[in-house]
Amino acid sequence: MISVVLVDDQELARAGLRTILRQPYGFDVVGEAADGQAALAEVARVRPDAVVMDIRMPRMDGVEATRALLAADPASRILVLTTFGEDNILAAALRAGASGFCLKDAPAEDIQRAVRAVAAGDGWLDPAVCGRVLLRYRADPVTDPDAVRRLGDLTARELDVLRLIGRGLTNAEIAHRLVIGEGTIKTHVGRIFTKLGVRDRAAAVVFAFDHGVVRPGEPPPMPGV
């Protein structure tokens, strides 16, 4: 059972999510908050497996709340829910450390898959807006003098794998493309995470865009990462 905290200032939105994230589907909504500030106390109280976070809220928005939650507990897993057209805000949420994002009007099955992925330590980037969001992320990069060194620590094969991760390929697809075993790809992925100092696949994707490993003209067509 995956424990979840819902953070949204609209009761109707939270009610809809409660319907989707019910125990018969493997979820347990253990807490709710109507704004980011209240979310900090609620997450500290119940320690959920995943936080489903709205972006636009009073007092403290989803980006600030994401940043604060991760500062308090770097192990927090946060899935941002948003509406179409908020690319710049989603880019900021990724930079704040969100493990992924999903549109509010996505099919229920996709939201369930997204929460499962984030709770399991993976990332999820909604394909409907993923390419645009990452291009926006790339257009406003953060200067990281240590990034060149970290990229230099990757082997040629690890760099190939990172590039394909950035294009949205799964481990199985990368293994097929590089003609090596999927177990070997998993090993490479783990080493990439360690060397780059990223905690999940979503962070690896945005790192690849932010530092030019994937060119802006190659947005990743992913159904989730």
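Trainee: At what angle do helix H8 (residues 156-166) and H10 pack, and how far apart are their axes?

Mentor: H8 and H10 pack at an angle of about 90°, with their axes 10 Å apart; the axes are lines fitted to C-alpha atoms, for helices over the stretch in contact, and the angles run from 0 to 180 degrees between N-to-C directions. This is a predicted model, in which local features need pLDDT of at least 70 and side-chain atom pairs count only at pLDDT 80 or more, while totals for chains, interfaces and linings use all residues. Residues are numbered from 1 along each chain as its sequence is written, and side-chain values use heavy atoms, with hydrogens and water left out.

Trainee: Why are H8 and H10 called roughly perpendicular to each other?

Mentor: Angles under 35 degrees count as roughly parallel, over 145 as roughly antiparallel, 65 to 115 as roughly perpendicular and the rest as oblique. The angle of H8 with H10 is about 90°, and therefore the two helices are roughly perpendicular.

Trainee: Which residues of H8 and H10 meet, and what kinds of residue are they?

Mentor: Arg-157, Glu-158, Val-161, Leu-162 and Ile-165 in H8 meet Ile-185, His-188, Val-189, Arg-191, Ile-192, Lys-195 and Leu-196 in H10, where contact means heavy atoms within 4.5 Å. The residues of this contact divide into seven nonpolar, one polar and four charged.

Trainee: What makes H8 roughly perpendicular to helix H11 (residues 201-210)?

Mentor: H8 and H11 pack at an angle of about 100°, with their axes 8 Å apart. That value belongs to the perpendicular range, which makes H8 roughly perpendicular to H11. In this contact, Leu-162, Ile-165 and Gly-166 of H8 meet Arg-201, Ala-204, Val-205, Ala-208 and Phe-209 of H11, and these residues divide into six nonpolar, one polar and one charged.

Trainee: Why are H9 and H10 called roughly perpendicular to each other?

Mentor: Helix H9 (residues 171-178) and helix H10 (residues 182-196) pack at an angle of about 110°, their axes being 9 Å apart, and they are therefore roughly perpendicular. The residues that make the contact are Asn-171, Ala-172, Ile-174, Ala-175 and Leu-178 on the H9 side and Glu-182, Ile-185, Lys-186 and Val-189 on the H10 side. Six of these residues are nonpolar, one is polar and two are charged.

Trainee: Where does Val-179 lie, and what makes it exposed?

Mentor: Val-179 lies in the loop between H9 and H10. Exposed means over 50% relative accessible area, buried under 20%, and partly exposed in between, with a 1.4 Å probe and protein chains only; Val-179 has 72%, so it is exposed. Val-179 also has a positive phi of about 60° although it is not a glycine. Most residues other than glycine have a negative phi.

Trainee: What is the phi of Arg-47, and why does Arg-47 count as exposed?

Mentor: The phi of Arg-47 is near 50°, a positive value in a residue other than glycine. Arg-47 is found in the loop between helix H2 (36-46) and strand E3 (50-54), and its 54% relative accessibility is over the limit, so Arg-47 counts as exposed.

Trainee: Why does Ser-3 count as buried?

Mentor: The relative accessibility of Ser-3 is 14%, under the limit, and so Ser-3 counts as buried. Ser-3 lies in strand E1 (residues 2-7). Not counting residues up to four places away in sequence, Ser-3 touches Asp-28, Val-30, Arg-47, Pro-48, Asp-49 and Ala-50.

Conventions
Helix = DSSP H or I, 4+ residues; strand = E, 2+ residues; numbered from the N terminus. Nonpolar A, V, L, I, M, F, W, Y, C, P; charged D, E, K, R; others polar.
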